Amino acid sequence: LEKVESMDVSHLAEATGAKLGVCTTSNYSLNVHDFDDHHTEVNDALVKDMDVAAIAWLSQLHGTAYVGLKVMSDILDGDKPTQEEFME
């Protein structure tokens with residue numbers, strides 16, 4: 001699987017206090033499989049989202065610049081269970 005590069009939005013993140021990170025995808029929303037773990041580690045992903053990945057892929061196919069901006073509720077590198085982290 002290839003990585004889709006985003007536009008540089010570091011200035012926007014700095015101005016808004018937002019975090020920058022890699023988004024990955026899988027066929028499963030809540031289940032984790034060995035392939036998912038490997039894909040997440042290889043890409044140093046922070047979040048997983050199927051919609052963002054699909055739009056990024058289509059943007060690349062059509063040669064259109066892309067920036068994925070999305071509010072995420074499940075942080076992959078968090079040290080708390082999902083249900084607790086979500087309530088924060």
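Mentor: Helices (H or I, at least four residues) and strands (E, at least two) are DSSP runs, numbered from the N terminus. Ser59 has its place in helix 3. The model is a predicted one, in which local features need pLDDT of at least 70, side-chain atom pairs count only at pLDDT 80 or more, and totals for chains, interfaces and linings use all residues. Residues are numbered from 1 along each chain as its sequence is written, and side-chain values use heavy atoms, with hydrogens and water left out.

Trainee: Which elements does the protein have, and in what order do they run?

Mentor: There are four helices and two strands. From the N terminus on, their order is α-β-α-β-α-α.

Trainee: How do you know that the span of helix 3 agrees with its number of residues?

Mentor: The expected span of a helix is 1.5 Å times one less than its number of residues. Helix 3 (residues 50-61) has twelve residues and should therefore span 16 Å. Its end C-alpha atoms lie 17 Å apart, which agrees.

Trainee: Why is Ser59 called buried?

Mentor: Buried means under 20% relative accessible area, exposed over 50%, and partly exposed in between (1.4 Å probe, protein chains only). Ser59 has 11% relative accessibility, so Ser59 counts as buried.

Trainee: What makes Asp49 buried?

Mentor: Its relative accessible area is 12%, and therefore Asp49 is buried. Asp49 lies in the loop between strand 2 (45-48) and helix 3. Asp49 and Lys70 are 21 residues apart in sequence, and their C-alpha atoms are 9.3 Å apart in space.

Trainee: Which residues of helix 3 are buried, and why are they placed on the same side of helix 3?

Mentor: In helix 3, Val52, Ala56 and Ser59 are buried. They cover an arc of only 60 degrees around the axis, so they are on the same side of helix 3. The arc is that of the directions from the helix axis to the C-beta atoms.

Trainee: What do the buried residues of helix 3 pack against, and with which residues is Ser59 in contact?

Mentor: Contact means heavy atoms within 4.5 Å. The buried residues of helix 3 pack against strand 1 (22-24). Leaving aside neighbours within four places in sequence, Ser59 is in contact with Thr64 and Tyr66.

Trainee: Which residue with a positive phi follows helix 3?

Mentor: Gly63 follows helix 3, with a phi near 65 degrees.

Trainee: What share of the protein is buried?

Mentor: Of the 88 residues in the protein, 18% are buried.
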